[in-house]
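This report looks at a few residues in one protein chain, asking where they sit and what they touch. Please have the sequence and the 3D view at hand.

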Amino acid sequence: MEYVFSNAAVARSFTAYMGTAVGVDAPSKWRIAVPGLPKGFNEVDLVAVGVILLISVCICYSTKESSMVNMVLTAVHVAFILFIIVMGFWRGDVRNLTHPADPTHPGGFFPNGVGGVFSGAAMVYLSYIGYDAVSTMAEEVERPARDIPIGVSGSVVIVTVLYCLMAASMSMLLPYDAIDTEAPFSGAFRGSEGWGWVSNVIGAGASLGILTSLMVAMLGQARYLCVIGRSGVMPAWLAKVHPKTATPVNASAFLGLFTAALALFTELDILLNLVCIGTLFVFYMVSNAVMYRRYVVGPHSTTADIAASSDERRPRRRGAWPTLAFLLAFSLTALSFTLVWKLALQGRARVGLLVACGVAAVATVGAFQALVPQAHTPELWGVPGMPWVPAASVFLNVFLLGSLDRPSYIRFGFFSAAAVLVYVLYSVHSSYDAEESAALEGAKVQDEACKV
């Protein structure tokens, strides 16, 4: 769902930048208003739909050709990013970092205070979705043990640096309250005498960048769904790989149509909020799962090993209860810190409570590290600094979740409830994991050819 929401949001933003590239300033001119529909779902964006369907056809055709197109688009996109950074630092004014365009608006380097920084961090968190898509290509990489960690870590570092430089250049070009929310970078040069051409160039470059982002994310989301289909959590039809193109055609087509349907009606702000809260929650769960796997799930406690053993019916879970107790206690500590930050009044008592929560969090991690040994050490690649790095991720994700608004939680709850219903009513009963568990009790399992 996170990939579908984010891809739909990116496709909607493509319309705005594409319009800027050809001289159409208002994206509403490219969209069709439909009276009678609720606000936020009443503008039809056919351009976004066309882009999604076009990319879906490309990734269904061939991974190799799609990767080559992506490499070309990425090279052009990076060139445009560097162009924007240079123009921003050349044409920008340091005064814009602290002075708003409207004197009645808050000024200073932190116009909305420290809380505004964290609220902004929660909103731009969606920029960090997609790096994990590199791992979904493991089956199609020659040396995944070496290349996947380099690809994920290297891309995170490079993009973070470029992101910060672009944010700095944007803030120098215009005061924060004068930035165009639809197409900020191209809008910064719109109306500037002698520099209007820059707006068109940036619009074209951003459009290519959006195509790159969409292609990578849609490649990744199809492979995620393919693996989920293999496990039986979703229908096995989605795991079908085309014999000629060697691509998950069914998953790619299904997700392409689903994404296009969302992008057709749903406004960008609604999609962004859904992506942000979902991404934060997913990263929170992954951080907990990393610690659970390292400290509980040993290297030989797989279902296959258990089935092959005549004297062992259940997997060994060394340190399960201490680990679960730590994860719960640490999450509650992070939640307490977040609630104090959001609700407590300014004063010494608030500062004292924040310090106490911080000390409690550090002490909890230190005690867990000292008392609970790791169940195993990864052979090729693993998260360093255990358990401090994933614990810090848990803390930050909980804190940033507290910065989001109420409607985001309502929408997220609705989609999460729908996913839980699908899992309980369908996935549990059809998944291979459930069949293998039944096999331990003497039930019949699928044959070696994996025919359901």
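In this predicted model, Phe281 has a relative accessible area of 35%. Because this value falls between the cut-offs of 20% and 50%, Phe281 counts as partly exposed. Phe281 lies in helix H9. Setting aside neighbours within four places in sequence, Phe281 is in contact with Leu401 and Phe412.

Is Ser287 buried or exposed? Ser287 counts as buried, because its relative accessibility is 8% and the cut-off for buried is under 20%. Leaving aside neighbours within four places in sequence, the contacts of Ser287 are Pro390, Ser393, Val394 and Asn397. With one of these, Ser393, a polar contact of 2.7 Å is made between the two side chains.

Val422 belongs to another stretch, helix H14, which covers residues 406-430. Val422 counts as partly exposed, with a relative accessibility of 41%. Val422 is one of the residues in a nonpolar surface patch of about 740 Å².

The table sets out the accessibility values.

| Residue | Relative accessibility | Class |
|---|---|---|
| Ser287 | 8% | buried |
| Phe281 | 35% | partly exposed |
| Val422 | 41% | partly exposed |

Note on methods
Residues numbered from 1 in each chain as written. Predicted model: local features only at pLDDT ≥ 70, side-chain atom pairs only at ≥ 80, totals over all residues. Heavy atoms only, no water. Buried < 20%, exposed > 50% of the residue type's maximum accessible area, 1.4 Å probe, protein only. Polar contact = N/O pair within 3.5 Å; in protein donor to acceptor, adjacent residues only side chain to side chain. Contact = heavy atoms within 4.5 Å. Patch = residues over 30% accessible without salt bridge, like charges linked within 9 Å, V, L, I, M, F, W, Y side chains within 5 Å. Areas by Shrake-Rupley, 256 points an atom, 1.4 Å probe, with all protein chains shown as cover. Salt bridge = Lys/Arg side-chain N within 4 Å of Asp/Glu carboxyl O. Helix = DSSP H or I, 4+ residues; strand = E, 2+ residues; numbered from the N terminus.
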